[in-house]
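The stops below go from the whole chain to single residues.

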Amino acid sequence: MDFFERQNQARRSTAVLVLAFVVAILLVAIAVDAVVWGTLRVLDRTSLDFLAWLATPRAWIITAVLLVSILATSAWRSAQLYKGGGGRVALLLGGRIVDPDTKDEDESRLINVVEEMAIAAGITVPDVYVLENEDAINAFAAGDSPANAVIAVTRGLLERLDRDALQGVIAHEFSHILNGDMRLNIRMIGLLAGMTMISQIGTKPWRAMAMGRHRGHHSRSMFLGTRGRGGQAYLAILVAGLIVAAIGWIGVLGGRVIKAAVSRQREFLADAAAVQFTRNPDGLAHALLEIHEASGGGSRLRNHHAEEVSHMGFGRTVSGITGLTATHPPIKDRMAALGPKYEYWYRDGERIRRREQREAEAEEEAARKDEQRAAATSASEGAVLAGLGGADAVSAGLSAATLAGIAGSLDGGSVQRAHELLRRLPEEILQAVHTPNGAEDAVSALLLHGPDTRERDLGVLPEARREQVGRLRLALECNWPGKTADRLDPRVRLPLLELALRSLRKLEPEARASFLKRLDAQIRVNGRISMFEYAARTLLRRELDTERVSRYGTAKLKRHRGEAAIVLSLLAHAGGGDRQQRATAYARGVEGLPGGLADTELLQPSECSPKLVTRALTVLEAVQPGDKRALLEACTRTISADDHIRASEAELLRMFAALVDTPVPAIFADPD
């Protein structure tokens, strides 16, 4: 199943979820009505049977109030989560955002793994949160699109898992990001919030009593009624809460059944994807084994919002009945799905051998850091490091079908290349992209032109920043040289931009607007805009738009023939060559494209200006997943018409894909 089919499946799952939600709240309403009717019969306040009583005005009022309360709670929670993005869910569970420049070794290792996964997948690096008060081993991804996703892990996971196991867990969560599961998860929290509302109201007095006992208050004596009427009133509140909670548990049970039905199979798929990403099933298996063997609940969270996010965790966040209501498959089944070797691990354990292996890995990690420090010192003294392999390889083998197949996914090769890229980036560049001001300087350094306009480029910047930007540019040119002395290896450009985006989002609105204005001035210094500059500028403007909300596409491509023609024409012109060669590339692109474009002609460059292309892509974002696949294949046919893909073409293609919410892994193309 490819990325586009997974998007369609997510949409179908949403429809099923809404239907199940409607059925569940009706059952809750009937249960509440039954309790009220039963109480009235016991008190001799009605002689009607249940069905007859349901037709009375009193029953209709009770049902209407209940349904409005449930729907209002669901709507309020959904709006709350969508407004805050994935970070809102992490904060709900007591998460703390991790500074990318953290000095904590465990957190630094986590940031490094997340960054390499994001670069490999071709998405903006997600913010990372740590649930400090959770000793369990768990993690989740949250957000409504890859652009505003976050990764959250428990402190217990950080402290107990080594790098391989951590990488397996993060790869599992990236699968949820790329497969569109996060949006469904957010919607599920919102919808089910109303169903669990009654239970939370009923359990609130009991939670208050437990907290009072924890703080040393004498709630026990009040519960026993030794303090007169106050104690009796307190007892009545607790009993009433128990009854309300019992009714509410119908909604909780219904919510668990819905979540289990939607999420169980996705966990198997995410496990399989994690193995594909990392090429290391041992890491994921060890993470699962640690959960199985851990004392104190394994993956269960202590936070009282654990029920709301029970479908999102790497492992189960709450205890409960297995089978019908289990949101995750048993650890035994997940390990067995990885292969017979891991089924044996589950049976006989690996803990002792793994502890010894960790000690050896710690020694290797220390040696690797020493090697990195030595390499950084060498680079700062003017040494030039070799780039990654494969940049000069002809990309003719990248077919349209191949690219559509890798959209929204990544593999072990991509992850390894991303790991090597991060390892070889100068330390001062890595430190810069981890802070908002430093990220501004890194992007400015990335977009500096050649020596003939270098002084004018720097003149656009505030005087206090010019020296730092020049120093960062020199570090990049030393470590990632292009074909000429004033050029950069194109393979470092988009990954560095994606690394910087996370920090740039933390700029205040005024600072963000000032940065974008300064960026435009820097790009226009030499009187023209390159394809990379256009791609970078468009991506930055789109990703820094905090008001933008991602949405499912439902429109047909045939209704947007003009917009598709603009995009394909720009790609044809980006490939260079004479008019006939560009027309041939355009014709290759529109072959078989739905919407009747085959009879159209290549547009003039003035008809596919950056402004028009950006507007066209905004419209094409609303196209349905199947037609997005066809459009992406058409783009690929266009740029590969001359049997090779230049770096500028690859960057444009990835920018186009990002703007229509289709992350594409790094394409290692020919230098321009």
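What follows is a short tour of a predicted model.

**Whole protein.** Start with everything selected and coloured by secondary structure. The protein has 27 helices and four strands. Of its 672 residues, 54% are buried. Now show the surface: the accessible area is about 29,300 Å², and carbon and sulfur atoms contribute 56% of that area. Contacts come next. Among those with a separation of 6 or more, 77% link residues 24 or more positions apart.

**Helix 1.** Select residues 3-42, which make up helix 1.

Is Ile30 buried, partly exposed or exposed? Ile30 counts as partly exposed because its relative accessibility is 42%, and that class lies between under 20% for buried and over 50% for exposed.

Move on to helix 9 (229-278) and helix 10 (281-293), and select Arg279 in the loop between them. What is the phi of Arg279? The angle is near 55°, a positive value in a residue other than glycine. Most residues other than glycine have a negative phi.

Arg279 has a relative accessible area of 59%, so Arg279 is exposed; the cut-off for exposed is over 50%.

Notes
Residues numbered from 1 in each chain as written. Predicted model: local features only at pLDDT ≥ 70, side-chain atom pairs only at ≥ 80, totals over all residues. Heavy atoms only, no water. Helix = DSSP H or I, 4+ residues; strand = E, 2+ residues; numbered from the N terminus. Buried < 20%, exposed > 50% of the residue type's maximum accessible area, 1.4 Å probe, protein only. Contact = heavy atoms within 4.5 Å. Areas by Shrake-Rupley, 256 points an atom, 1.4 Å probe, with all protein chains shown as cover.
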